[in-house]
Structures are given as structure tokens and as C-alpha cells.
Amino acid sequence: MKHQLKGLLQSGHPTRTEEWHDPEPVADDDPELASGGRVPSDAFEALRLELARHLARTPFPAHRGDLLRVLRERHAPDPLTHRVEGLPGDRTYRSVQDVAVALHRR
């Protein structure tokens with residue numbers, strides 16, 4: 001199993017072209033995100049999951065500039081990038097959770 005999941009673990013996203021090859025396929029009844037992904041129905045959880053998708057394995061602690069650089073490199077959706085641009089530039093974020101809480105409060 002370690003050999004089968006090696007590509008997924010190293011890349012941070014599914015490496016197969018057909019969904020039925022994925023180790024854990026997407027559930028049919030999960031709500032859709034605007035960017036095409038599936039997330040829980042709660043708005044905060046959706047925001048946190050979307051951030052985690054694009055900031056996976058980002059070295060934390062990070063500042064707003066670091067987060068924006070990673071989001072742009074990984075082609076995050078513009079609405080998400082614009083929300084992160086609105087964060088205070090002098091604050092240090094320790095995790096994706098910290099970023100999600102700061103964005104959710106705004």
C-alpha cells in the first residue's frame with residue numbers, strides 16, 4: 001500500500017487520471033465548491049479546506065506575503081487570493097487554522 005500511495009503522498013494531490021483509481025474517491029453527496037472541489041456544508045469548514053488544499057505543506061509560521069506567494073504559485077482561485085490579500089501584513093500565522101480563523105472573522 002505504501003508503494004501505491006507514494007505519488008499521492010509526495011505530490012499532495014491525486015496522481016491518477018481516473019477517479020476510480022484514487023484510494024478514497026469523492027462522495028457523490030458532498031456539496032460542490034465554486035472552484036469545483038467538494039467540501040462540508042459549513043462555511044468555515046469550506047474555507048479551511050480550500051486553504052488547506054492550496055497551502056498543503058507550506059512552511060509555517062508564515063506572513064501574508066508568504067501565503068500569497070504560495071497561493072499564486074499553486075494557482076489558487078482569485079477569490080481566495082483576494083481574501084488573503086485583505087489580511088494584516090504584520091501578523092504571523094502558525095497554521096492553516098490560524099489563517100482560516102483570521103479570514104472568517106473578516
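Predicted model: local features only at pLDDT ≥ 70, side-chain atom pairs only at ≥ 80, totals over all residues.
Contact here means heavy atoms within 4.5 Å, and helices are DSSP runs (H or I, at least four residues) numbered from the N terminus.

Residues are numbered from 1 along each chain as its sequence is written, and side-chain values use heavy atoms, with hydrogens and water left out.

How do these two helices lie? The axes of α3 (residues 64–73) and α4 (residues 78–85) come within 10 Å and cross at roughly 170°. That makes α3 roughly antiparallel to α4, a term for angles over 145 degrees. The axes are lines fitted to C-alpha atoms over the stretch in contact, with angles from 0 to 180 degrees between N-to-C directions.

Now look at what α3 hides. Leu-67, Leu-68, Val-70 and Leu-71 are buried in α3, that is, under 20% relative accessible area with a 1.4 Å probe and protein chains only. These residues cover an arc of only 165° around the axis, which puts them on the same side of α3; the arc is taken from the directions from the helix axis to the C-beta atoms. Their cover includes α2, α4 and α5. Just after α3, His-75 takes a positive phi of about 55°.

Helix α2 (residues 43–55) comes next. At 1.5 Å a residue, its 13 residues should span 18 Å, and its end C-alpha atoms are 18 Å apart, which agrees; the expected span is 1.5 Å times one less than the number of residues. Among the buried residues of α2 are Phe-44, Leu-47, Glu-50 and His-54. The buried residues of α2 pack against α3, α4 and α5 (96–105). After α2 comes Arg-57, with a positive phi near 60°.

Finally, visit the loop between α4 and α5, where Arg-94 is found. Arg-94 is exposed, with a relative accessible area of 64%, the cut-off for exposed being over 50%. Arg-94 touches Phe-60 and Pro-61, not counting residues up to four places away in sequence. Arg-94 and Pro-59 are 35 residues apart in sequence, yet 9.1 Å apart in space, C-alpha to C-alpha.

Terms used: Parallel < 35°, antiparallel > 145°, perpendicular 65-115°, else oblique.
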